[in-house]
Amino acid sequence: MLARSLTLTPPLTPTFFVPWESWMRPAHTPRPGTTNSPGPGRRSLLAGLAGAGAVVALGAPAARAADTRSADARASATVQLTARPSGESERLRLGQALRGSEFQPTGHHVAADTPLRLDVLPYDDVLPTLWIGRWDYYGTVTEPRSYPLKPGANTVTDPHGGPVYFSLEGAGERAGVKLKGGSVPMPVFTLGCTEEADYQRQLDTYTDVPVVELHGPRSIVTLTRDGALLYRDEDHAALLRLLERIIDAESDISGLDSSRPVHRPKAGGYHFTEVSVVPSGVGAYATHGYNGFPRAYLDRATTVQGLTTRGWGLYHELGHLHQQMAYKPGGLTEVTVNIYSLAVQRALGQPSNLLTVDPKTGLTYFQSARAKFGTAGLAYEKSFSAYEKLVPLRQLELAFGDDFWPRLHKLVREENPQSDYTETAKRYRALATYASRTAGRDLTEFFLTTWAFPIDAQGRAELAALNLPQPSVDPATLAD
């Protein structure tokens, strides 16, 4: 079954978005797997988010069946922050198209038009920014609001309310924030810290809080209360561990192995958010800072079985937060992203979507694409379907090793070539030349003749100038 999704792409300013075209893409099949929930009671968010610096956000005490404390007592919490690079500086370091999340969650929520009182302790003379609200690109209220803070006492009143987050830009500096009143704890499950029974008690106790969150070492999952209750019986530790495996798989195919500073995984985590509305026919989307999923997708995003066997949409949208700019012309936005989706399928032991058999033709995508080779007027962008376009990118791995894409990502990060999203020809040239250099083989025939990529005369000259030997095996003959 095909499910359409949308990618919103990156301008260099934080507030304007340019939508790209959308492609059809399916959810898929295979294998479940759950593990038992760990954990002592909830006391803090996990330290050690990937990147520069760890975060410990001390939330409210774990909910009990009957919480008799005053509202002010429940609202009081101290958040310890460690600075890390901004989302934009990380995007530029990694050569990526989209900016990732820089939020450090608190597990607290503030109602609309309610004064939030807090004291800021800038231990290292670096001041945090307060953020209030939920991401919801197509909703009435579309994004969290930011509030710069000053040392000492601050009072902020937000017109819409929502979850409370902080960001602290820097390289390991520390700050503390004491929430003194106005916010309340929301139901939170933190991997490694929260027992399932405690989370269930929170859901039954904090019934007046409209937002629920799940926190992993590199993930924030923000849900409406109604959305969270749909699948409250899940093993939430297993779900968050599965998200970690998915993030690992996409980091691995990206060559984020910390072998050099430029190859560190991005600072901070990834934000997965339930959104209120999407355009007709759109299943999910990716843009700066987060992935958005409507409630209809939560059966795949927030259940272990669904995410394991039908989670292609989440793998795909997370992939957009790993895509590199250099070899991503507009026509490949919804193609190179599935390098990461396929990597997750392999990591989870799933059969490849490229091996799906079309019931009308009886052919896989490898086979249907091959049948078009050499036909009159062949053109990569127009002649092949969305999945057929993915086939040559997989064939490069089959020909030149599982480390082909990690090595190419690393080479691009180290050289950091610059191009604008309008420079289609330049980005197609980059794909062909970086692929040839990574393979150590002349891929002119593969790209220009077999697959009819739109490589211009300058690109052909650049490929020839590499003076590389021909491949010993034609990559276009290979299939899973």
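Which residue in β17 is the bridge partner of Ile220? In β17, that partner is His271.

## Basis of the model

This is a predicted model, in which local features need pLDDT of at least 70 and side-chain atom pairs count only at pLDDT 80 or more, while totals for chains, interfaces and linings use all residues. Residues are numbered from 1 along each chain as its sequence is written, and side-chain values use heavy atoms, with hydrogens and water left out.

## The chain overall

The protein chain has 17 helices and 19 strands. Helices (H or I, at least four residues) and strands (E, at least two) are DSSP runs, numbered from the N terminus. Of the 480 residues in the protein chain, 57% are buried. Buried means under 20% relative accessible area, exposed over 50%, and partly exposed in between, with a 1.4 Å probe and protein chains only.

Among contacts between residues at least 6 apart in sequence, 73% join residues at least 24 apart. A contact means heavy atoms within 4.5 Å.

Strand β15 (residues 211-216) runs antiparallel to β16, and 6 bridges join them. Two strands pair if DSSP finds at least two bridges between them. The two strands β15 and β16 are joined by a hairpin through 2 residues, and Gly216 stands opposite Ser219 in β16. In strand β16 (residues 219-224), 6 of the 6 residues are buried, so the strand is largely enclosed by the rest of the structure. Ser219, Val221 and Leu223 lie on one side of β16, with Ile220, Thr222 and Thr224 on the other. On its pairing with β17, β16 is parallel, over 4 bridges.

β17 also pairs with β19 in the parallel sense, over 4 bridges; here the bridge partner of Thr273 is Gly292 in β19. Strand β18 (residues 282-287) runs antiparallel to β19, with 3 bridges between them. Tyr285 stands opposite Gly292 in β19. The hairpin formed by β18 and β19 has 2 residues between the strands, and Gly289 in the turn has a positive phi of about 95 degrees. Strand β19 (residues 290-294) is largely enclosed by the rest of the structure, because 5 of its 5 residues are buried. Tyr290, Gly292 and Pro294 point one way from β19, and Asn291 and Phe293 point the other way.

## Helix α5

Helix α5 has 18 residues and reaches 26 Å from its first C-alpha to its last, close to the 26 Å expected at 1.5 Å a residue. The expected span of a helix is 1.5 Å times one less than its number of residues. α5 is mostly covered, with 14 of its 18 residues buried.

At the start of α5, a side-chain oxygen of Asp235 reaches to within 3.2 Å of the backbone nitrogen of Ala237. Just after the helix, Gly255 takes a positive phi of about 70 degrees.

Lys266 is in the loop between α5 (236-253) and β17 (270-275). Lys266 is buried but has no salt bridge, and the nearest side chain of opposite charge, Glu90, is 6.9 Å away. A salt bridge is a side-chain nitrogen of Lys or Arg within 4 Å of a carboxyl oxygen of Asp or Glu. For charge, Lys and Arg count as positive and Asp and Glu as negative, while His and the chain ends are not counted. The side chain of Lys266 reaches the backbone oxygen of Gly269 at 2.7 Å.

Arg93 lies in helix α2 (residues 87-94) and counts as buried because its relative accessibility is 16%. Its side chain reaches the backbone oxygen of Val262 at 3.0 Å and the backbone oxygen of Arg264 at 3.0 Å. Leaving aside neighbours within four places in sequence, Arg93 is in contact with residues including Pro261, His263, Lys266 and Arg413.

## Helix α15

Helix α15 (residues 424-439) has 16 residues and reaches 23 Å from its first C-alpha to its last, close to the 22 Å expected at 1.5 Å a residue. Because 12 of its 16 residues are buried, α15 is largely enclosed by the rest of the structure. Among the buried residues are Arg427, Tyr428, Arg429 and Tyr434.

What covers the buried residues of α15 includes α12 (380-383), α13 (386-400), α14 (404-415), α16 (444-450) and α17 (457-465). Just after α15, Gly440 takes a positive phi of about 70 degrees.

Conventions
Polar contact = N/O pair within 3.5 Å; in protein donor to acceptor, adjacent residues only side chain to side chain.
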